[in-house]
Amino acid sequence: MKDRITHVFFDLDRTLWDFEKSALQAFEKIYDKFNLKKLGVTDVEAFHEAYTVHNDRLWDKYRKGQITKDVLRGKRFALTLKDFGIIDIKLGELIGDEYVRISPLIVNLFPNSEEVIEYLAPKYNLHIITNGFSEVQFIKLKSAGLDKYFDKVITSEEAGAKKPDPIIFDYALEKAGAEAKNSVMIGDDYEVDIMGARDVGIDQIFFDPEDNHQENGKCTYHINDLKEIIGIL
């Protein structure tokens, strides 16, 4: 595969950017700033755990086009507060705005992310394909000092479709000036990143750091550490 690959597409959240680690640190700041303990939220971990349930459910609806970005951003914290007996839509919106503001500034990358990117950058054209919000993802890349390595950053908002829809992959190939046969997609979400890329003929590297997914050999490569990419590309 190495000889024919010219373009490498990365997912960002949970592939290069340690989303959970950064999010929890953002929640610690939010918990203190909005004095949530006084309002009845038991602790940061409980608040983050409740939020994750609502966020995952709403993100699934957002990916399927069932709700808008504004609904997702406004509703997820209001529902979380409600779990603790706090009925305050405005507070939920304020917390949501603060989370979007600070979370991309709290940099946590997966081990070996920078080493792998620095290895790949001179050899391949590097790009990002993300379902995350455009304004947040660009800040994350800049905060982490990774923006200089990526030629194209393709967001679902720009493409008008979310992974795993073939539209976003086709759009990314066209924007990057790439062909499927000369490209590889690296991501952590088996259905969204890996099967989405596979369906349009792009090779895949499935990043599974916890080694908890049985994919039955349907992806091109299955890795547990980003450093393994160096041996593939």
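## A parallel pair

In this predicted model, strand β2, covering residues 125-130, pairs with β3 in the parallel sense, and 4 bridges join the two. Within this pairing, I129 sits opposite I154 of β3.

Helix α7 (residues 134-143) packs on the sheet here, where it touches both β2 and β3. The direction of α7 makes about 150 degrees with that of β3.

## The whole sheet

Now for the wider view. As a general point, strands of a sheet pair through backbone hydrogen bonds, and the pairing can be parallel or antiparallel. Here, 6 strands form an open sheet with parallel pairing, in the order β3-β2-β1-β4-β5-β6. Which strands lie at the edges? They are β3 (152-155) and β6 (221-223), each of which pairs on one side only. From one strand to the next, the twist averages 20 degrees.

In soluble globular proteins, nonpolar side chains tend to be buried together. The largest nonpolar core in this model has 47 residues, and the members that touch the most others are V8, F10, L36, Y99, F150, I229 and L233. Helix α1 (residues 19-33) supplies the largest share of this core, with 6 residues. There is also a second, separate core of 15 residues, with I154, A159, A172 and I202 among them.

## A closer look at F10

What does F10 contact, once its neighbours within four places in sequence are left aside? Its partners are T15, L16, I117, L120, H127, I128, I129, F150, M185, I186 and I229.

Terms used. Residues are numbered from 1 along each chain as its sequence is written. This is a predicted model: local features need pLDDT of at least 70, side-chain atom pairs count only at pLDDT 80 or more; totals for chains, interfaces and linings use all residues. Side-chain values use heavy atoms; hydrogens and water are left out. A nonpolar core is a set of buried Ala, Val, Leu, Ile, Met, Phe, Trp, Tyr and Cys residues joined through side-chain atoms within 4.5 Å. Buried means under 20% relative accessible area, exposed over 50%, partly exposed in between (1.4 Å probe, protein chains only). Contact means heavy atoms within 4.5 Å. Two strands pair if DSSP finds at least two bridges between them. Axes are lines fitted to C-alpha atoms, for helices over the stretch in contact, and angles run from 0 to 180 degrees between N-to-C directions.
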